[in-house]
Structure formats: C-alpha cells, structure tokens
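This report describes how two chains meet and how parts of one of them are built. Please look over the sequence and the structure before reading on.

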Amino acid sequence: MLYFTRWKALGIILTALIVCLCAVPNFFPEAQVKTWPAWAQRRLVLGLDLQGGSYLLLEVDSNYVKKERLDQVRDDVRRALRDAKIGFTGGVVVRNDAAEVRITKETDVQAALAKLRELSQPLGGLMGSSGQRDLEVSEAGGVIRLTVPQAAMLDRMRKTIEQSIQIVERRVNELGTVEPVIQRQGNDRILVQVPGLQDPTRLKKLLGETAKMEFRMVDTTVSPDQAQAGRLPPDSELLMSASPPPTPYVVKKQVLVAGGDLIDAQATFDQRTSEPVVSFKFNTSGARKFAQATQENVGLPFAIVLDNKVISAPRINEPITGGQGQISGSFTVQSANDLAILMRAGALPAPLTVVEERTVGPGLGQDSIEKGELAAYVGSILVIVFMLLTYRLFGVFANIAVAINVAMIFGLLSLLNATLTLPGIAGIVLTVGIAVDSNVLIYERIREELRGGRNAISAIDAGFKRALATILDSNITTFIAAAVLFYIGTGPVRGFAVTLGIGIITTVFTAFTMTRLIVAWWVRWKRPQSVPI
Amino acid sequence: MTHTVLIGLGVLIAILTVVAALGLLPSLRIVPDDTHFDFTRFRRISFPISAALSIVAITLFFTHGLNLGIDFKGGTLLEVRAKSGAADIAAMRTTLEGLRLGEIQLQQFGGPENVLIRVAEQPGGDKAQQDAVQKVRTALGDSIEYRRVEVLGPRVAGELLAYGMLGLMLAIVSILIYLWFRFEWQFALGAMIANVHDIVLTIGFMSISQVDFDLTSIAALLTILGYSLNDTVVIYDRIREMLRRYKKMPMPQLLNESINSTLSRSIITHFTVTLALLALLLFGGHAIHSFTAVMMFGVVLVGTYTSIFIAAPILIYLGVGEHREDAKDEAAPAKKSKA
C-alpha cells in the first residue's frame, strides 16, 4: 500500500496537476481568456442565480398545432372533392380529432376515397421508410373520415418546435443580449436563458406574439358598423385595431402578401412627420405580388395585419413597385423597434406560453456570490483548524489533500464548462466537510491498528488497505444520490448535483492516490518508529 | 473588513500548520480511544422512540402538511428591495390588495429594506400567472429593485413535484440495488429501513418548522439520504469484516464492537460536516437557509443517530449472522422476541 513505482507516482502527480491547471482560466478576465487558444478557454460558467438574468420556459400550444393541421386537412378535402366534381353534403366537419365528410351519391364514394387517399403522404418525406403515412383515410356508411395518426402528430410537433426555436433565437438575438441559451426541453417546451436580463417583460412580449403578418385589402363595400350588425360579406372578416382605442375594420380574407416574403424591416423616423415608423422590404416574389396588388387598387385602403389585429390601414396613393414601404401607426420608438424585430425574425408556427419564469437581479446575484464565498472560506478554515488540532502532522497531510481536492473540483468543473450555482457552492463547502472523512477513516483505522499492536509502518499500511474499501463503498452511495439529483434537477439544484458528484470523484481519487503518496513519502523519509496521530 | 479577517485567519492556519507539523500540538481526542458502549442494548429504547417519532412525523405531515414552496405550488414570488431607506410594507400591501389577485403575503426578511411578496396561484392557467406578475410590477413601479422574480404555472409546479418524488424513490431503489450487490440482502433491507426512517423524520421536521418545501428541499433530502447511507455503509463494512473474522462472537457483542470501533470516525466526520454546514447556515445567506437547516437536522442529528442506533442493531432482527455455526444460539432468541 505504501510502495509506489516512480512512474505511478509521476502519473498521479501529473494527473492532479493537469486537472488543477484546468481551473487557471477562471482567474483571468474573460476578455483576456478569449485571446487564448480554444482548448484553454474552458471555464466555469456562473449560473443565473449568481450572475443575474432571466430563465423562461415556453410551451408550444399542442392543441393549436393539432387544430391547425385539421383545418388544413379540411381545406384540402374541400378542394380535392371540388376539383374532382364530387358532391358532398353538410360541408367538411372537424370533430373528434378528425375531418369528416358525407359524400352525397353512394356511387361517388369509391372515387372520393381514391381522391382523398392521394392527400396522404408518407411520413418523413422521401426518406420515410416506416411505411406510416401522415393521414389515415377510412369510410363508413358514406362518411369519409380522415384522422391524423399519433406518429404524424408527434412529427409535426417536432418540426413546430424546431421552427419555433429558430424564430425564438432570432428574436432573442435581436435584443442584443450576451450569450443567450435556447434549448428544446421535452416534447413541447423551449428553454430560454438570458444572462444579465433584469426585466423580462419586453422579452416575454416579443416571444408572446406569433407575429403572423399579412397585407390584405380593406373591404370598402360595407362599413364596419354594417358589418357589426351582421352584414359581413362571406369573404371578409371583422378585425380590431392593434392600438387603442379598439377600432373595427372590415378586411378581406384574401392575403395579398404574407410576412414570409419580407426580407428586411427597420425602425426609422418618417422624414416629414418625424414619427417612428417601420420600413420594410419584400423579396422579389413579394415585391411582384405587392406591385400588382397596389396597381389594381390605387385609391383604396389596404390593411397591415399582425396576429389578426390591424396595425394600420393606409390608402394606396400610387402603385408601389420597388418592393419597399413603410408602416406608420402611432408607434413609440420601442414599439416600432419591436415590430421591426418581429417582422425580421418571422412568424412563429404556433403560439408560445410562458409556463415558468425565474429572474434574478444583478444585485442579488452579487450578494449570493459574496455570501457563498464567505461561507466557503469560513467553512474551510473551521475544518482545516479542526483537522490540525485532531491529527497534527497527519492533519497537515489531510489539509494538503483537501486543498488539492478543491482545486481539482474547480479544474473539472471548468473542463466540463459546468455551471456554478449558489447550491453548487454549498456543494463544494459540503465536499470539504466530507473530503476529510476519507482521511478520518484512514487515520482512525491506523490508530486502531496501532492499538492492536502493529508497528508503525505495518499499521499505516493496514490502515490504508482496510479503509480504502470502505471509502469506495460509502462514496458510491452518495454518488448515486447525486446522479439522481442531476437527472431530475434543473438550474440551481442541478448545479448542486454537479459539484457534489464531481466532489465525490475527486475525493475518492485523492484518498486513493494523493493522501497515500504523501504518507508514503513521509514514511520513506522518516522511517518512523511511532506514528504521531 | 472581511478580507483582513480572512488574511488573519490564513496566517493563523499557517502558524498552526507549522506547529502541528513539528509535533508540538497536544492531540485533541473528541472520543476516547477505547470505548465499550453497549449500543445494541439501547435498541429496546431506541426502536420504540424511533417508531414513536416516526408516527409523530407522519401525523404532523398529515395534519400540518408541508409548506409547499412556489416550485411545487405554483404562483408568483417576488423578492424586492427599496431603493432607498426602509420598505413601506403597509403601503405595498394596500397597493397590492387593490389588484384583487387573491391571497398576497408580504414578509420582511434580512433587513428593513427587503420584502418577500408571494402571490397565490391565479385561476386560469399559465397566462393568468403572467398577467398577475405584470400587474404587480406595474403597481409597485420603479421605486424598488426587483431582486428575484419567480413565476410558475400550475402544470409545471405539479410536474416538478412529481419529478422530485420520483427522484427520491429512484435514489432509494438504486442505492438499495447497489447495497444488495455489495452486501447481503439483510444489509440492504436494514439500510433501507434506516433510510426511510431518516426521510420520515426529516419530513416531520420540515412540517413542524414550516420551512419552504421546494426543489432545494428535495436536494437536501437526497443529500441526507446519501450521507446517512455513507455512515451506515461504514458501519456495515466493519460488521461484515467482523463477521468474517470472529465466527464465535455473539451478534449483539459483534455489533457493539463494530459500532464502537467506528465511533470516533463517525463523531469526527459529523463534526467536520457540522462545521461546514454551520458556516453555510450563518454566512450563506437566506437563499440557501432552509436548505442548510434541513441538512443540519437530517445529516447531523438524524443521520448519526440512525446509523448507530437503528441501522446496525436492526441487523439482529433481520437474521444477519444466524448461519454462522456457533452463533445460532444467540441470534435465535432475539428473533423470537420480535415475533
């Protein structure tokens, strides 16, 4: 137990040294570390509870996605049957997660089935090999039923999440925040972490808008009052203005140009009125559509509609052929900016809801760091003094091992780019308390062996041998608890699990190697007749 | 100020280290070297006491319940600080009650400028919680600093609770399986009984002290579990070793010897953990206050007691050592007396 080959000793020291050195970048300012080679840039990340910032958990509305899909199926069915000139009664009805249609003539049923089966696509596009399709078509008593299978729904949900993440990313980045984290979580959630953001109100507002943008004509055949009285033309709908007071507009359902055709939007000031406005630019196809529409409707008003609310309804004074325009509509500088961000980032495929929000201000974060540091120092000092008083020279050995242990914890945390949270700091302090346990186990065993009548060297040897098995067993149980905690925890709690788990690994390592090595050297140097323990 | 103190303490440690290395310090012995306490005899007292305490804890859990924190209950929590002077809690209360958001609690903590505001979960799902926090922010305005804001919808809170409980079960089961592999099944069972005992008592403590039961409490519970087991395993390891070495020693005596020979380690380790926890409790700030308080109770009070007075003696009832040829006579009556 006390004999190390030269190579083994060297290996142990090198390993410990390299792991400790991994902590070095943390002691230099971030800007300086950025100029170092990439492999040296790994460092501890402070959790949101320490550096301040906002944590938002967003949920994609799965019911909306389902409804959207079924509405689409309904429209497809209607069009397919009309194109094939197959009569149906009662329209296409969406109910019980399915679209249903009753075919008028029984002789048409087979033809209709064939036609509607064409709507169904293999799941996963051309690469799809599962044999599953995105629609199931069945027929009973002249009623054809189209259902969206579970697998197809999940597939759609997955795509919706992926798209949403992209849009969310663009919107968050537009805020000019530093290193935001945007991740998918589970089947229907998106995690957004923005360090340093103190008030997430604006972010939530930006993420809460679907931002479905449409340019549509205003229906001038009826006044809003007439429409409200029930004389609404079938191809128009009544929409409210976005800005107060709520004003009704009658807007045609047909979309001239959609937000997808936008390539740029900027908040600027109008040159004449110096009001904040949003200027935008279409891509080629959008520009062509817009030019044609404005040419045909000179003198008539059109509506700029965002999420079914009318932002403004200007009159077309002349054809707009350049594919550029500007929206004015009682904006403030910030609301113009926000609209420009939303237009640039594009529309979300489904609405997002904030289901969890945690924000920590920078003041509290700084306080927590200071308190955590103080507690860590005081805790370490108490433990160090106690070990010195109890074990004297061997206490010095134990303290050296604990110091290496803590340095290695920081090294490993940096190497993993792990997040340090306040409970994480608590985990490190606890590890200091626990790390000495491995030394205590060894030392108490040595004492016992000495009492049992062994001579100094053989007692030390036996003490290590017997204690190490116990150390391994007892630490594995704690490690299991830490692993479970890591698996179920989020944020700060996960930070605790990480430091606890890493602390256990380094504790076992130092007990098996460093402590033993130090004592072995001392034995070789002193050749002790008695153990001062 | 703190820096000078820390530097001073650092110098003190350096001096102590040198003195200790030279062997000039008297050696401190918390526990005398050769103890012979009859711990297993205490089982006739400790088992009924533990059973009674567990029943009290369970009763408390059902009558008083746990003070569910926002993590598990949902709702809104704001930690605010007046930008200058003391916070006017009365005025804030009037303002917030005017919003008609149901139950609102305001509580001062850690100085007159700090206020903790809890708004109960709003009916109407996730959107309603968001609207509520918006109203509170608007009503309180910019005269205060928002140090922490947490808003949880009802579904996420429910999921977190379910997840936390699941994690607790998962940890117990996986540790059990590990112990079953490393020891005999009786040891695993004994450790589990000790484990459940720890958790029940700690939950009783949380119920009586009404500390917030939230995600960090689950973390505390899992840590208590880990450390209590750590302790139990150390004693079990020794019992296993003794079982191999002394084939003729009666079980109660063997258990006593095992506990006594690991006693000084148990006490010293718990003392160092207590020192670390004490530092966290006194200086770690209120954010981890309930976390450390629960740990202090669980690791220091319950954990030590359990491994010595429950986990080890219970092995007698579980029939450990029965199959050793010479020990049969001693172990059998013990089992009968339980039945």
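## Pairing between the chains

Two strands count as paired if DSSP finds at least two bridges between them. The model discussed here is predicted. In it, strand S17(A) is joined to strand S5 (residues 144-152) of chain B by five bridges, and the two strands run antiparallel. One residue of this pairing is Thr359(A), whose bridge partner in S5(B) is Val149(B).

## The contact of chain A with chain B

The contact between the chains involves 68 residues from chain A and 72 residues from chain B. On the chain A side, several elements supply at least two residues each, including helix H7 (201-208), strand S17 (352-360) and helix H12 (393-415). Helix H13 (422-451), helix H14 (456-488) and helix H15 (491-512) of chain A are also among them. H11(A) gives the largest share of this side, with 20 residues. By kind, the residues of chain A that touch chain B divide into 40 nonpolar, 16 polar and twelve charged.

## Helix H11 of chain A against helix H9 of chain B

Two packed helices are described by the angle between their axes and the distance between the axes. Helix H11 (residues 362-391) of chain A packs with helix H9 (residues 251-283) of chain B at an angle of about 155 degrees, and their axes are 8 Å apart. Because of this angle, H11(A) is roughly antiparallel to H9(B). The crossing of H11(A) and H9(B) is right-handed.

The residues that H11(A) brings to this contact include Lys371(A), Leu374(A), Val378(A), Gly379(A) and Phe386(A). Among those that they meet in H9(B) are Ile268(B), Phe271(B), Thr272(B), Leu275(B) and Phe283(B). The residues of this contact divide into 13 nonpolar, three polar and one charged.

## Annotated spans of chain A

An unreviewed UniProt entry carries the annotation "transmembrane region" for residues 374-391, 467-489 and 495-523 of chain A. In the model, residues 467-489 of chain A are 96% helix and 0% strand, with the end C-alpha atoms 33 Å apart. Residues 495-523 of chain A are 97% helix and 0% strand, and here the end C-alpha atoms lie 40 Å apart.

## A four-stranded sheet in chain A

Four strands of chain A make an open sheet with antiparallel pairing, in the order S3-S4-S6-S5. Strand S3 (88-95) and strand S5 (136-140) of chain A are the edge strands, each pairing on one side only. From one strand to the next the twist averages 20 degrees. S5(A) and strand S6 (residues 143-147) of chain A are joined by five bridges, and Ala140(A) has Val143(A) as its bridge partner in S6(A).

Helix H4 (residues 62-83) of chain A packs on this sheet and touches S3, strand S4 (98-103) and S6 of chain A. The direction of H4(A) makes about 165 degrees with that of S3(A). Helix H5 (residues 109-117) of chain A lies across S4, S5 and S6 of chain A, at about 170 degrees to S5(A).

## A three-stranded sheet in chain A

Another open sheet has three strands in the order S12-S13-S16 (chain A), with antiparallel pairing. Its edge strands are strand S12 (262-269) and strand S16 (324-327) of chain A. Neighbouring strands are turned by 25 degrees against each other on average, direction ignored.

Seven bridges link S12(A) with strand S13 (residues 276-282) of chain A. Asp264(A) stands opposite Lys281(A) in S13(A). Helix H10 (residues 333-345) of chain A lies across S12 and S13 of chain A and runs at about 170 degrees to S12(A).

Key:
Residues numbered from 1 in each chain as written. Chains lettered and ligands numbered in written order. Predicted model: local features only at pLDDT ≥ 70, side-chain atom pairs only at ≥ 80, totals over all residues. Axes fitted to C-alpha atoms, helices over the stretch in contact; angles between N-to-C directions. Parallel < 35°, antiparallel > 145°, perpendicular 65-115°, else oblique. Left-handed = near helix turned anticlockwise from the far one by under 90°. Contact = placed C-beta atoms within 7 Å. Nonpolar A, V, L, I, M, F, W, Y, C, P; charged D, E, K, R; others polar. UniProt positions renumbered as here; feature names shortened; annotations may be inferred.
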